[in-house]
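User: I'd like a close look at one part of this protein, with the charged side chains in mind. Here is what I have on screen.
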Amino acid sequence: MSIETPTRTDAGLTTVAHFVGGRRIADTGGRRGPVFNPATGRRTGEVVLASAEFVRASARAAQAAQRGWRDTALGKRQQVMFRLREIISSRADELARIITAEHGKTVDDALGEVARGLENVEFCTSLMHHLKGDYSEQVAGGVDVHQVRQPVGVVACITPFNFPAMVPLWMVTTAIAAGNAVILKPSERDPSAAVWLAEAFAEAGLPAGILNVVHGDKEAVDAILDDPIIRAVSFVGSTPIARYIYARAAANGKRVQALGGAKNHMVVMPDADLDAAADAAVSAAYGSAGERCMAVSVVVAVGEVAGPLVDKVAERIAGLTVGDGFDPTSDMGPLITQDALDRVTSFVAGAAAEGARVVVDGRERQFDGEGFFIGPSLVDGVTPGMRVYDEEIFGPVLSVVRVPGFDEAVALINANPYANGTAVFTRDGKTARQFEYDIEVGMVGINVPIPVPIGAFSFGGWKDSLFGDTHMYGPEAFSFYTRRKVVTTRWPDPSESQISLGFPTH
Ligand code: NAD
């Protein structure tokens, strides 16, 4: 792959360029945004921010390229996916390091993200199967019906900071496999992974103009939402923005799927293996510093488990190392920005004032330098109505809500407006089945704390965690990125032609 040396400005900052029409475009004469290394707190680069005009020009370039890609034989599209798989898997470490440099998560965690993103490429290597249509013979005398799937055209993918490679791969891989051209608008906070991916697609043989990376902020997003050339929008991010994207894009007649934030509850039943549950809670709450949409942020302790469970979680927290993501001894890295750090700090500070008990206070950990670090926090005695419970924190803060029984645990979760993921820890099959049956959440784990579906299923929450109808990646993505066309066919015998004004029936 010909990765160009990133442009360096006079101040020694790296410039992250757009990638449109198969080439990097760094100089558009417009605004730029800062990019930080969260582990040092230092500004390491700047990202070009697209004007509305640049977005519109990119969409037109994508539209011009899309026809040729649509005409490309399915077998050739599959070969791109096979080559892409080899490129990403053989250079996963390089991509992981780009993620760590801008996001802050540990390299090990970034490698996990790349592996989960790669599942989507692997799923799309069988795109020929997923794009098959249907056929019904003899629906009336001599009449057959078939249905085909055609690409929607140009689609936009707008992604969050917390998975700068995986979430783009959730979206663009299937969109491209289905014959569309893509405008990918990654998070402006860690934009480089998206450019790396676009160059990997190009090396895999994807024609220029099919995957375009356009960096930007609200101005670029609004231009996407209003451009009639863009026929569908996939979004992942926070709930207020997801709601906005859904409303504005849908009002403009686009197909939209907008995934929002989360508040994921993990129920621990009295019969659960408490050591296994404590391990799971710590892994799922503090991995990636809690900056995962499927992170566990609330443990629902049923009956008498709360006391011993809180002790076990606190013991494990004491053993976690927080540091630079490039340091192999770090379990957890910094938060993404100073703003994120201030926000998370405010939740821990506010919890005690609201009547909760701060068992482990992450603010007490000492760190050298200016990185955006905070230690893991554990807050017991949390109840609905407290800010620490009601809002998505998106940081390493685990709340414990104590409830008397299973029914109260289910009622608590079902009353929450978020409904992305949830889990139950129990040894009892009947309890687990009842939980699965009653719970109003999109993705459920039974003794699995982060139940992110594998690439052959689709990913999505319910309620305020998803606006729209279709989930991401997997089979539902092939539905989202294609339009169905139904064709009714008769090859009549000319001698039997006759006029009939009646409504056609069989
Ligand atoms: P965010 O909503 O701030 O940003 C997401 C995208 O929207 C970015 O590309 C950003 O540039 C753009 N954006 C931000 N503000 C905008 C505005 N006012 N108008 C138009 N566009 C705007 O989210 P984030 O902080 O990057 O990511 C974290 C959030 O994403 C969390 O809430 C997390 O739960 C959520 N998330 C959800 C899932 C899921 O699958 N449901 C997955 C990952 C992250």
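Which side chain of opposite charge is nearest to Asp190, and is Asp190 buried or exposed?

Analyst: Quick background: this is a predicted model, where local features need pLDDT of at least 70, side-chain atom pairs count only at pLDDT 80 or more, and totals for chains, interfaces and linings use all residues. Residues are numbered from 1 along each chain as its sequence is written, and side-chain values use heavy atoms, with hydrogens and water left out.

Now to your residue. Asp190 is buried (under 20% relative accessible area, with exposed over 50% and partly exposed in between; 1.4 Å probe, protein chains only). The nearest side chain of opposite charge is Arg189, 6.8 Å away, and Asp190 has no salt bridge (a side-chain nitrogen of Lys or Arg within 4 Å of a carboxyl oxygen of Asp or Glu; Lys and Arg count as positive, Asp and Glu as negative, while His and the chain ends are not counted).

Asp190 sits in the loop between β10 (181-185) and α7 (192-203) (helices are DSSP runs of H or I, at least four residues, and strands are runs of E, at least two, numbered from the N terminus). Setting aside neighbours within four places in sequence, Asp190 is in contact with Glu102, His103, Phe161, Pro164 and Ile336 (heavy atoms within 4.5 Å).

For contrast, take Asp380: also buried, at 3% relative accessible area, but salt-bridged to Arg402, with the closest N and O atoms 2.7 Å apart. That pair links strand β17 (residues 377-380) to strand β18 (residues 397-403), the two residues being 22 apart. Arg402 is partly exposed at 47%.
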